[in-house]
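Hi there,

Here is the structure I wanted to hand over to you.

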Amino acid sequence: MLEVRSVLKRFGGATVVDNVSLRVAAGGIVGLIGPNGAGKTTLFNLIAGSIAPTSGKIFLEGVEINAERSHRRIERGLGRTFQIPRPFSEMTILDNMLTAAQAQSGERMFATWFMPGRVAREERINIDKAMALLEFLGLVRLAQEPARVLSGGQRKLLELGRVLMADPRIILLDEPGAGVNPTLLNTIIERIIEINRRGVTFFIIEHNMDLVARLCQQVYVMSAGRMLFNGTPDEVIDEPAVIETYLGAGTQ
Amino acid sequence: MILDLITYGAFFLVTALSYGIICLGLNVQWGQTGLFNVGVAGFVAIGAYTSALLTTPDVVERFGGFDLPIWIGWISAAFVSGLAAAFIGVITLRLRADYLAITTFGIAITIQLVVLNAITITGGPFGIGFIPRPFSGLQEHPLLFNLANLSLVCGITGGVYYALERLIHGPWGRVLRAIREDEAAAASLGKNAKVFRLQAFVLGSAVMGFAGAIQAHFIGFIAPENYLSAITFQVWAMLIIGGSGNNRGALLGAILVWALWSITGAALGLIVPAEYQARAAALQIVFIGIGLAAILVVRPRGLLGEVTKVSRVLIDR
């Protein structure tokens with residue numbers, strides 16, 4: 001599904017992502033863990049196309065996508081969420097969702113003026129889809145509220161819903177569990193599993209090992225820009241190098 | 001007496017609404033997209049001169065005078081202003097807000113200077129006269145003439161307003177807002193910010209050029225000093241006072257500010273002795289400035305602020 005081959009990113013003199021390679025198989029949930037500053041989010045930004053790698057290649061379903069900007073990558077089915085959620089705060093939650101729908105005729109000026117029927121029809125379909133997703137995520141009650149009213153955890157859910165509107169085949173989730181209360185965290189985990197069951201691949205950055213163990217079949221561990229280890233969650237927890245650099249002594 | 005008042009009222013509203021259309025154009029750029037265009041005067045001038053050149057009768061010492069119908073002039077005005085904006089936009093839209101402001105300001109001054117000096121095309125400081133006025137057959141009856149023009153301008157304003165409302169409350173406007181709020185997030189959802197920004201810039205400028213042409217034809221005469229930065233300032237004041245991000249606010253602001261402008265102009269004419277009139281005219285700008293400052297204190301979002309809900313379709317249900 002997704003392949004990163006020897007990707008390197010330098011910011012000035014600092015090598016933030018150092019010759020990283022990885023594979024995410026279709027239909028899986030793969031984790032990415034590592035200490036703060038390990039380069040995880042930078043790696044996500046490289047995969048999503050927000051920044052360009054210094055060297056190395058990124059493939060999505062076998063196609064090299066290095067040269068494509070981020071707005072093209074979602075058209076290919078690669079969605080991402082942000083570590084700190086970035087809702088469009090002054091827009092309603094429903095409008096946040098609708099913005100994410102792909103290939104809308106109404107995004108073209110002339111279609112808006114000269115094909116109003118078609119635009120309205122698509123809009124109704126998108127609204128139904130958005131409302132169904134909001135229902136699924138437990139946000140439907142808030143659909144007409146501006147996104148700024150949401151709590152931190154609800155913002156994570158909205159980001160997930162927004163990216164789902166684009167029908168991605170793979171989603172990069174940046175710390176879905178950070179700063180989320182335990183009840184809501186359970187909801188998020190259940191929803192991710194449910195979406196995955198419907199055929200969407202996930203690649204997840206997360207610090208919460210409990211969440212990683214519940215979700216992921218495979219885990220990559222990054223440290224100081226390098227790929228340190230990869231294996232099943234159990235293998236990761238037992239690996240001495242990972243315990244030393246990340247989990248810390250005292251974690252069994 | 002009452003007839004005179006109605007005539008003047010109609011005349012006043014035609015001018016105010018023509019500013020209102022310029023204001024609608026600026027609202028697409030600033031209110032919806034956050035493009036800091038301080039070159040409004042330039043795009044209005046391009047529209048006015050384009051239409052004037054195309055529709056005036058042939059003149060010996062000047063280029064053109066193509067004697068075409070008025071409506072061709074108006075449509076061409078929008079087209080040429082939009083084209084100029086596309087050209088300028090491709091070069092400058094990567095610039096961040098304040099740099100874009102400086103650039104557009106410079107461009108507007110350049111356009112004004114070109115208009116002033118390209119005498120063989122624009123008539124230079126003498127301007128272009130004999131621009132055909134709509135309903136010129138009615139000119140002997142000021143009341144009818146002004147009312148006919150008012151209904152025409154009302155119809156056009158309504159049309160532009162409706163077309164822009166459709167856009168702004170549809171998916172296109174939604175993308176613009178999303179880009180304005182968080183460009184990286186919008187890009188991650190597949191929206192090409194550069195393309196949408198350019199579209200808004202071109203559309204807004206085309207509307208400004210169109211309005212410039214309407215003004216030119218209503219007055220019948222244009223000259224370079226009509227297109228100094230003062231008009232840019234007026235239009236900005238109109239948008240901010242009326243409510244940036246709201247088309248109804250843009251129109252309301254245009255009417256109010258133009259009323260303030262006309263009333264202070266008339267009052268100064270009555271109060272100030274003749275020899276100081278020219279200098280006292282500067283006070284009109286001061287009054288608008290005071291109005292602007294007052295609104296920013298009392299209602300920072302303008303008289304009619306932006307509406308949060310965008311999706312009309314759902315609300316209509």
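Helix α10(B) passes α13(B) in a left-handed crossing (left-handed is when the near helix is turned anticlockwise from the far one by less than a right angle, right-handed when clockwise). These two helices, residues 229-242 and 282-298 of chain B, pack at an angle of about 25°, with 10 Å between their axes. That makes α10(B) roughly parallel to α13(B) (angles under 35 degrees count as roughly parallel, over 145 as roughly antiparallel, 65 to 115 as roughly perpendicular and the rest as oblique). On the α10(B) side, the contact involves Ala230(B), Phe233(B), Gln234(B), Ala237(B), Ile240(B) and Ile241(B), while α13(B) brings in Ile285(B), Ile288(B), Gly291(B), Leu292(B) and Ile295(B). By class, this contact has 9 nonpolar, 2 polar and no charged residues.

Some ground rules before I go on. This is a predicted model, in which local features need pLDDT of at least 70 and side-chain atom pairs count only at pLDDT 80 or more, whereas totals for chains, interfaces and linings use all residues. Residues are numbered from 1 along each chain as its sequence is written, and chains are lettered from A and ligands numbered from 1 in the order in which they are written.

Helices (H or I, at least four residues) and strands (E, at least two) are DSSP runs, numbered from the N terminus. Axes are lines fitted to C-alpha atoms, for helices over the stretch in contact, and angles run from 0 to 180 degrees between N-to-C directions. Two residues are in contact if their C-beta atoms, placed from the backbone, lie within 7 Å. Ala, Val, Leu, Ile, Met, Phe, Trp, Tyr, Cys and Pro count as nonpolar, Asp, Glu, Lys and Arg as charged, and the others, Gly among them, as polar.

Staying in chain B, α2 (residues 40-55) packs against two other helices that I looked at. Its axis and that of α3 (residues 70-92) are 8 Å apart, at an angle of about 140°, and α2(B) passes α3(B) in a right-handed crossing. Among the residues making this contact are Phe43(B), Ile46(B) and Gly47(B) of α2(B), and Gly73(B), Trp74(B) and Ala77(B) of α3(B). The contact of α2(B) with α3(B) divides into 11 nonpolar, 7 polar and no charged residues.

The other partner is α9 (residues 193-219) of chain B: its axis and that of α2(B) come within 7 Å and cross at roughly 55°. That makes α2(B) oblique to α9(B). This crossing of α2(B) and α9(B) is right-handed. The residues in contact include Phe43(B), Ile46(B) and Gly47(B) of α2(B), with Met208(B), Gly209(B) and Phe210(B) among those of α9(B). Here the count is 12 nonpolar, 8 polar and no charged.

Now for chain A. The domain assignment gives domain 1 (2-87 + 154-247) and domain 2 (89-149) (the bounds come from an automatic or database domain assignment). Their centres, taken over C-alpha atoms, are 27 Å apart. Contact between them involves 15 residues of domain 1 and 16 residues of domain 2. On the domain 1 side, α6 (152-165) and α7 (182-197) of chain A are the elements that give two or more residues, and α6(A) has the largest share, 9 residues.

Chain A also has an open sheet of 6 strands in the order β6-β7-β8-β3-β9-β10, with mixed pairing (two strands pair if DSSP finds at least two bridges between them). Its edge strands are β6 (78-80) and β10 (226-231) of chain A. Within it, β3 (residues 29-33) and β8 (residues 201-205) of chain A pair in the parallel sense over 4 bridges. Strand β9 (residues 218-223) of chain A runs antiparallel to β10(A), joined by 5 bridges. A hairpin with 2 residues between the strands is formed by β9(A) and β10(A), and Ala224(A) in the turn has a positive phi of about 50°.

Lastly, how do the chains meet? In chain A, 35 residues are in contact with 28 residues of chain B. Helices α2 (70-75), α3 (93-99), α4 (109-114) and α5 (116-137) of chain A each supply at least two residues of the side that touches chain B. The largest share of that side, 5 residues, is from α5(A).

Enjoy exploring!
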